[in-house]
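This report describes how selected parts of one protein chain are arranged. Please keep the sequence and the structure in view while reading.

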Amino acid sequence: MGGRILELRVHGVSNTPPAEALGLTAEPGGESPQPRLVAGGPVTGFYRSPTASPLDPIAVEAYSWGQLTSGARTARDVERALWTLLLPFTLANVALHARPGIPPDPASERLASRSGLTAWLIRLFCLSLTGTLVLALTGVGVDLIGWQCVDETCLSRIPGPWEFLAGTWWQQGGRTLAVGLAVPLTLIAVLGLVAWRTYQYEAVMPADPANTPVRRPPAPVDADLPAGQPAPVDADLPTDQPAPEQPPAPEPPDRPLANPLEDPTFWCGEGQLRRAAVLHLCTGTAVAAAVPLGTVLVLDPPHGARAAVAWTSSAMFLAVLMITLVALGRPFLTRREGATPLGPWSITVIVLTGLGLAGTIVVLMLPDGPAGTPLAALRPPAGCSGQPNLPECLADRSLPGFDRILAWLVTGQLLLLTTIGAAARSGRRGGAVPGAAAVLIVLGTAWCHGWLPGLPPAPFQVWQLVLVLLALAGMGLLLPRTRPDAGAQSLGPHTDLAWRGQAPAVIAGFGWLLCLAYCAGALYWITDRLNGGATPGGRTVVVPPTPVTWAALCFGGALLVLALVALRALVLFQQLRREEYAELCASGPLTAHDLRRGRDVSNHRALHRLVGEHAIRLIGWYAAAMAALAALACVAVLSPAHPYPASATGTGALLKAVTDLGDSLLGWLPVAIAALGLLVFRNNAVRRSVGVVWDVGTFWPRAAHPLAPPSYAERAVPELLTRTAGLLALTEHDPRRMDGIILSGHSQGTVICTAVIMQLPDRWRQRIWFFSYGCQLTRLYGRIFPAYFGPDRLPALSRALTRPSGGTGWTNFWRDTDPLGWPVTAGERSVAVTDPEALHPSDGEVADPPIRSHSGYPEAAEFQRERSRVAWLLRRTVPAPRRGSG
């Protein structure tokens with residue numbers, strides 16, 4: 001008998017059940033047969049048909065990983081749904097992997113290179129996102145509650161026993177501010193707990209098939225073993241030796257790397273994750289404590305022992321910030337080295353942050369000093385909740401300077417995003433233009449505030465200067481792109497770099513806008529709750545920061561632009577549908593039934609072309625519009641203007657209505673996204689619609705933002721590596737042995753299989769054949785992630801699958817009705833799958849052949865023929881058994 005072949009199927013984002021992936025169908029009136037678990041567990045497992053036999057020449061096995069992201073309709077789905085609130089961190093983390101020019105060996109990356117500089121800027125941007133979220137919660141606890149809520153009426157609207165803050169003793173000095181710090185510190189503690197719990201949520205290490213594990217717990221019975229036969233055990237191994245806690249890390253390959261996915265530590269970055277989490281959490285703590293500490297230092301400068309503690313705490317926070325900025329570009333943080341310890345610098349940051357926080361609380365709890373204005377005199381007077389029309393209650397008594405902090409943070413983040421886009425496109429020369437604009441903004445601001453001695457008064461205001469310099473920074477995005485490497489292979493039309501090579505800035509920018517929307521919505525919602533709804537005369541007691549009001553107006557503008565882009569997409573779809581329908585009609589005489597069916601087919605083909613040819617460009621248009629809107633918003637929040645006058649009439653009334661609507665939508669945005677996340681984990685229809693974005697984002701390891709949701713690939717890829725290499729490495733007489741494996745990946749499973757093949761040693765690659773269908777390696781992944789799937793990197797996959805006798809062990813199936821499946825043309829064998837098989841019933845059928853679109857590839861005749869051919873090719877290297885002599 002020839003060698004046995006295994007087809008190992010890996011599903012995509014729709015979390016296809018194992019029974020469906022194996023093609024198990026129920027008999028009429030009967031129940032669907034349940035597949036057998038042959039390896040793995042209930043979360044991620046390998047399944048085979050219950051009727052599978054060890055004598056089958058081609059065995060089919062399905063790997064199910066969808067419960068890592070889709071859930072199993074359990075209580076844990078709620079926890080996973082809350083991960084959707086971390087979507088801004090996810091997008092910022094994805095931006096790191098979208099950099100062009102990442103060297104094949106990440107250890108050779110230098111900070112001065114284009115990819116190294118962009119990586120440092122992205123990590124700095126990720127740190128600012130953490131600071132943005134912490135600042136928003138600091139505004140809630142320190143500004144809205146600790147500063148503006150001064151009486152029991154306001155404090156009683158907060159869940160919990162907060163009324164004690166209205167007492168005379170607590171109203172002295174900054175004591176209420178110290179209590180308000182509990183809100184951002186609670187957020188930091190929750191983020192730290194989530195990060196700590198997800199360290200071991202998914203990440204596993206691939207086992208070396210050469211080292212047989214010892215003393216394993218009972219595993220599911222393999223379908224290949226005859227009934228009653230135990231799995232073979234090496235007699236030389238002691239049976240009482242405990243199993244090792246962690247398999248050995250994979251050894252680096254002997255040859256030079258051709259793709260970053262070949263890095264043996266790519267999926268093993270627990271040590272890097274821990275160190276980065278320490279930096280983010282400690283920096284967030286420093287940012288939260290700096291707001292009330294800075295208020296005390298500016299408004300009521302301390303003296304004596306109080307001054308010593310205050311300035312010492314400030315120095316500690318400054319040291320934490322400096323260490324973090326340096327560490328973001330150093331190899332001990334940026335390179336993934338497995339489960340390494342924190343190190344002395346991380347311990348130093350933790351100690352400095354703890355001491356600085358303790359010193360801040362001491363300063364806030366001590367009474368006011370005699371040097372400045374007492375802080376109590378700057379707060380709203382007590383009783384404003386009952387009589388908001390009193391003259392002393394009509395003034396804006398928000399925390400002094402907090403509006404400016406938020407405005408300058410947003411402006412700095414926009415400049416940072418511009419620098420990321422320019423550096424990713426043009427290298428250091430591109431990043432120099434927005435960098436120079438940032439320096440000029442700092443100098444101009446100092447001039448406007450009279451901080452530069454010897455200069456006359458500035459002839460301009462700060463917001464006017466920012467408007468000009470933001471336009472100057474945008475010029476860096478228009479510089480010529482760095483030339484690609486010579487000899488790069490062209491992968492066909494619509495496979496160029498996405499968004500002119502500025503994908504990191506575009507992806508991170510969407511995460512930034514979503515984070516700002518979250519923060520503005522939280523501030524608005526809590527402000528409305530503290531005010532108890534409408535007050536007489538429309539006057540509110542607690543006021544949110546001014547940037548929140550502008551954010552509401554900009555959110556309405558963003559929705560309007562989104563509607564226009566969607567309208568453009570609809571027009572394009574109708575145009576493409578007419579073209580496809582005309583082409584179908586021109587193919588020959590069609591009956592009325594065929595013409596009706598042709599409309600359905602043309603809809604699917606038009607969607608296929610819309611996604612493959614126009615989706616990237618439409619997203620780019622929306623990103624450009626959002627960049628212009630964000631620049632105008634930064635200028636607005638730095639100016640003394642407000643979205644509408646206090647007594648709004650006419651146009652002002654319209655602006656006020658739009659702003660109020662935007663405030664309401666922003667307040668419900670986090671709730672709506674969390675609810676959508678719950679539907680993603682529990683509803684298959686919603687899962688298929690929006691799961692693409694989620695699974696693309698959580699595929700990549702957390703190498704930039706450590707507080708993002710965990711990467712499912714850090715478990716899926718090592719498990720597939722262990723299963724594949726383990727079956728190939730079994731002894732010749734083991735009934736479970738496979739002489740060849742067809743890795744069959746659908747949609748996102750194609751990307752997972754690619755990562756597995758790139759991690760496999762050369763000795764196993766020669767017995768692997770790759771089936772890809774519903775494949776996005778060129779039209780989407782290749783354009784957005786060129787360092788892994790671009791024209792000069794994807795051919796490394798073809799070379800890895802080159803057969804000793806010639807040819808490439810890779811077959812790609814695609815349909816012109818599949819919106820997420822296209823040809824690859826990177827050296828593989830391309831097979832077009834007819835869909836539907838006909839426009840009318842045939843062979844005695846009464847129903848029309850289905851339009852399978854993105855599903856059902858293994859049932860296609862082209863797939864079955866190709867699988868038989870590949871199985872024959874994989875068996876050719878297996879010697880046939882010797883016949884008897886008579």
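The model described here is predicted. Pro836 lies in the loop that runs between strand S8 (829-832) and helix H26 (861-875). The peptide bond leading from Asp835 into Pro836 is cis, and its omega is near -10°.

Ser853 belongs to the loop between S8 and H26 as well. Its phi is near 55°, which is a positive value in a residue other than glycine. Is Ser853 buried or exposed? The relative accessibility of Ser853 is 12%, and buried means under 20%, so Ser853 counts as buried.

## A positive phi in another loop

Thr825 is placed in the loop between strand S7 (810-814) and S8. Thr825 is not a glycine, yet its phi is positive, near 50°. With a relative accessibility of 40%, Thr825 falls between the limits of 20% and 50% and therefore counts as partly exposed.

## Helices H4 and H15

Two packed helices are described by the angle between their axes and the distance between the axes. For helix H4 (residues 114-148) and helix H15 (residues 503-530), the axes come within 10 Å and cross at roughly 5°. An angle under 35 degrees counts as roughly parallel, so H4 and H15 are roughly parallel to each other.

On the H4 side, the residues making the contact include Ile122, Phe125, Leu129 and Leu133. On the H15 side they include Pro504, Trp512, Leu516 and Leu523. Which classes of residue form the contact of H4 with H15? There are 17 nonpolar residues, three polar residues and no charged residues.

## Helices H14 and H17

Helix H14 (residues 462-474) packs against helix H17 (residues 592-638) with the axes 8 Å apart and at an angle of about 165°. Angles over 145 degrees count as roughly antiparallel, and H14 and H17 are therefore roughly antiparallel to each other. The crossing in which H14 passes H17 is right-handed.

H14 contributes Trp463, Val466, Leu467 and Leu470 to the contact, while H17 contributes Ala631, Cys634, Val635 and Leu638. By class, this contact of H14 with H17 has eight nonpolar residues, with no polar and no charged ones.

In soluble globular proteins, nonpolar side chains tend to be buried together. In this model, the largest nonpolar core has 190 residues, and Phe785 and Phe789 have the most contacts inside it. Which helix gives the most to this core? H4 does, with 18 residues.

What does Phe785 touch, once its neighbours within four places in sequence are left aside? Phe785 is in contact with Val94, His97, Ala98, Val696, Trp700 and Gly790.

Glu583 is part of helix H16 (residues 546-586). Exposed means over 50% relative accessible area, and Glu583, at 52%, therefore counts as exposed. Glu583 and Ser602 are separated by 19 residues in sequence, and their C-alpha atoms are 9.0 Å apart in space.

Key:
Residues are numbered from 1 along each chain as its sequence is written. This is a predicted model: local features need pLDDT of at least 70, side-chain atom pairs count only at pLDDT 80 or more; totals for chains, interfaces and linings use all residues. Side-chain values use heavy atoms; hydrogens and water are left out. Axes are lines fitted to C-alpha atoms, for helices over the stretch in contact, and angles run from 0 to 180 degrees between N-to-C directions. Helices (H or I, at least four residues) and strands (E, at least two) are DSSP runs, numbered from the N terminus. Angles under 35 degrees count as roughly parallel, over 145 as roughly antiparallel, 65 to 115 as roughly perpendicular and the rest as oblique. Contact means heavy atoms within 4.5 Å. Ala, Val, Leu, Ile, Met, Phe, Trp, Tyr, Cys and Pro count as nonpolar, Asp, Glu, Lys and Arg as charged, and the others, Gly among them, as polar. A crossing is left-handed if the near helix is turned anticlockwise from the far one by less than a right angle, and right-handed if clockwise. Buried means under 20% relative accessible area, exposed over 50%, partly exposed in between (1.4 Å probe, protein chains only). A nonpolar core is a set of buried Ala, Val, Leu, Ile, Met, Phe, Trp, Tyr and Cys residues joined through side-chain atoms within 4.5 Å.
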